[in-house]
Amino acid sequence: MYRKYTKEKINEWFWGWFMIAPIVIGLMILNIIPAIQTLYLSFFKAGAFGQGNIFIGFDNYKKMIYDEQVWQAAGNTIKFTLIVVPAIIVLSMIIAVFLNSKLKGKHIYRTIYFIPAVATPAAVAMVWRWIYNNHFGVLNVFLKKIGLQSVNWIDNPKVALFSVAIISIWSMVGYYMVIILAGLQEIPKDYYEASSIDGASPICQFFKITVPLLSPAIFFVTVTSIFQSMQVFDIIYMMIDVTSPAYDKTVSLVYLFYNNSFKYMNQGYGSAIVILLLAIIMIITVIQIKVQKKWVFYM
């Protein structure tokens, strides 16, 4: 059936697309086009300075299947995510609930907790390298004072990944706290007042009212923190050197991509590693979208 477009509809359509055009163009230039180029490059053996690429089909992917370091990096990335994401959700919720209460100076505390989120990764790494220092670091000085042995927080393969995870949690929890705090302030007070009249305890109110009504914000925090954790690079790069004994136990897929693409000048293989990471993130995203229908409640 022929649909007639009025001048008002065309005008509305034009201004709608005009307003979102910067975002669409930005996504195309910064995300979609580079992703297509990366997929294309993964089928080539890259030449010097991006010239003379040789098509090799699926050879990069075949090599990746038998590369133990790739799967070690994939395991490290998933392990890092499993450590960081639950800790961020729990800590950001606890802090947000306290800062949403009648606490004196809560605006100052909100600012203090948010400061690490805006600090540059280089500055964060410098501070934490000093904290983790074997000889005069704050943590080891404290351990010695209570009669315990010092720990090699950075170079010990058994603890290095947890040390890096702590830094990531510390730097990210303030940002997600703000998001959950915004969700808390959207919950109507009437629910709490009605439940108090019925004799509900604060703990019961938290699990029966706060958590269900906060589930959209928790879902957003879960999705975005998983994306961020799966793409971890800067903190590990600045804390763990390639020559460190803990390198194999901490290297992430993005760190491995960086080494192959820019240190070993094998952009084709590095691109294949990124496509593997993309595939893992897509699988996790599909699972999250399917599962969220069972636990996310929208008001």
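Modeller: Helices here are DSSP runs of H or I, at least four residues, and strands are runs of E, at least two, numbered from the N terminus. The model is predicted, so local features need pLDDT of at least 70 and side-chain atom pairs pLDDT 80 or more, while totals for chains, interfaces and linings use all residues. Residues count from 1 along each chain, and side-chain values use heavy atoms, without hydrogens or water.

Biologist: Where is T222?

Modeller: T222 lies in helix α9.

Biologist: Is T222 buried or exposed, and why?

Modeller: T222 counts as buried because its relative accessibility is 15%. Buried means under 20% relative accessible area, exposed over 50%, and partly exposed in between, with a 1.4 Å probe and protein chains only.

Biologist: What is T222 in contact with?

Modeller: V85, I89 and Q288, leaving aside neighbours within four places in sequence. Contact means heavy atoms within 4.5 Å.

Biologist: Back to α9. Where does α9 bend?

Modeller: At S215, by about 60°. The bend is the angle between axes fitted to the seven residues ending there and the seven starting there. A proline, P216, follows within four residues.

Biologist: New topic. Which residues touch the most other members of the largest nonpolar core?

Modeller: M64, V70, M239, I240 and L253, out of 64 residues. The largest share of this core, 13 residues, comes from α7. A nonpolar core is a set of buried Ala, Val, Leu, Ile, Met, Phe, Trp, Tyr and Cys residues joined through side-chain atoms within 4.5 Å.

Biologist: And I131, where is that?

Modeller: In helix α5. I131 counts as buried, at 17% relative accessibility.
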